[in-house]
Amino acid sequence: MKNILILLVMLGCTMSVWGNLPTDSLDVTTAQDRSTAFRARQLIAPGALIAVGAVGLSKGWVRNFKEDVRDGMNDIRGKYTKADEYLQFLPLAAGVGLGALGVKARHPLRERVAVAVTGTAVAEILAQGTKRIVRETRPNGEDRHSFPSGHTTLAFLGAEIVRTEYGWGYGSAAYVVATGVGFLRMYNNKHWINDVIAGAGYGILSARIAYWLLPVERKWFGWDKPHRPALTAVPLYLPEQKGFGVALTLNLP
């Protein structure tokens, strides 16, 4: 997780240098960009998922239900798989990179990278912070970092970014992958069902927070200013070489 976060930060810094180069995004102005506006109803889905997941921390019949789901996974398991270790990154990679395949995104690449970086940081803080506060024992008993599922959080973060950038067509596929990651976390006996449900809520919430912060990042990096890099070509005469040349200067904003 830390290596992926460092990589995304490096990508974000790289993209901030290039100003307003031609993008793979739709022509949406800042004023028209409703995806970055806070709306209370955006909290309903993630809030409900987190609340349901939190209820799963209680005892009694809830605990019995969790154990029944775990036992069911034990019954169908042939052998453990590491697919979830890799699939968790797929929706996030698609959210950033689908534009390179010709799919029009809502935001240019630099802003998608910024959302991915910010969302990953928020998801890490929320998920890891909650793990250390709640200290729920994993179903396999290996540690007390079960609630919520960090893998599921990252997968649903990416799925919500895909939905926001490319619409429900691609978003639905991303959500299927994210749901599959949650299933595999239970299949591998790493998480209870409520860990996965809460992780989905944390992931969606992290994506929304990242988009709410995007206007601030636009101001930080100067992306809200109408400018483009200028390429200047100046012809030169080289007397010693008895020839001509061209000096190219890239004037970055």
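Trainee: Where is N189 found?
Mentor: In the loop between α8 (168-187) and α9. Helices are DSSP runs of H or I with at least four residues, strands are E runs of at least two, and both are numbered from the N terminus.

Trainee: What kind of model is this?
Mentor: A predicted one: local features need pLDDT of at least 70, side-chain atom pairs count only at pLDDT 80 or more, and totals for chains, interfaces and linings use all residues. Residues are numbered from 1 along each chain as its sequence is written, and side-chain values use heavy atoms, leaving out hydrogens and water.

Trainee: Back to N189. Buried or exposed?
Mentor: Buried, because its relative accessible area is 11%. The cut-offs are under 20% for buried, over 50% for exposed and partly exposed in between, with a 1.4 Å probe and protein chains only.

Trainee: What does N189 touch?
Mentor: R70, N74, R77, Y80, P139 and N140, leaving aside residues up to four places away in sequence. A contact means heavy atoms within 4.5 Å.

Trainee: And what about the phi of N189?
Mentor: Positive, about 65°, although N189 is not a glycine. Most residues other than glycine have a negative phi, and most peptide bonds are trans.

Trainee: Which residue follows α6, with a positive phi?
Mentor: R135, with phi near 55°. R135 is not a glycine either. It sits in the loop between α6 and α7. At 40% relative accessibility, R135 is partly exposed.

Trainee: Which residues does the cis peptide bond join?
Mentor: F147 and P148, with omega about -5°. P148 is in the loop between α6 and α7.

Trainee: Zoom out. How many helices and strands?
Mentor: 9 helices and 2 strands. The order from the N terminus is α-α-α-α-α-α-α-α-α-β-β.

Trainee: How much of the protein is buried?
Mentor: 43% of the 253 residues. Areas come from the Shrake-Rupley method with a 1.4 Å probe; for residues, only the protein chains shown count as cover.

Trainee: How many of the contacts join residues at least 24 apart?
Mentor: 77%, among contacts between residues at least 6 apart in sequence. Take E67 and W192: they are 125 residues apart along the chain, and their C-alpha atoms are separated by 8.0 Å. E67 belongs to helix α3 (residues 61-76). At 26% relative accessibility, E67 is partly exposed.

Trainee: New topic. Which residues have the most contacts inside the largest nonpolar core?
Mentor: L92, V115, L157, I161, Y211 and L214, in a core of 16 residues. Two or more residues each come from α5 (90-97), α6 (109-134), α7 (150-166) and α9 (193-221). α6 gives the most, with 6 residues. A nonpolar core is a set of buried Ala, Val, Leu, Ile, Met, Phe, Trp, Tyr and Cys residues joined through side-chain atoms within 4.5 Å.

Trainee: What does Y211 touch?
Mentor: S35, T36, H107, V115, I161, T164 and E165, again not counting residues up to four places away in sequence. Apart from this core lies another, of 14 residues, including A105, V162, Y166 and A174.

Trainee: What span should α6 have?
Mentor: Its 26 residues should span 38 Å at 1.5 Å a residue, and the end C-alpha atoms are 37 Å apart, which agrees. The expected span is 1.5 Å times one less than the number of residues.

Trainee: Now S206. Buried or exposed?
Mentor: Buried, because its relative accessibility is 0%. S206 lies in helix α9. It touches G119, V122, A123, L126 and L157, residues up to four places away in sequence aside.

Trainee: Last one. Which residues make the nonpolar surface patch?
Mentor: L213, V216, W220 and F221, over about 420 Å². Patch residues have over 30% relative accessible area and no salt bridge; like charges are joined within 9 Å, and nonpolar side chains (Val, Leu, Ile, Met, Phe, Trp, Tyr) within 5 Å. A salt bridge puts a side-chain nitrogen of Lys or Arg within 4 Å of a carboxyl oxygen of Asp or Glu. W220 lies in helix α9. At a relative accessible area of 67%, W220 is exposed.
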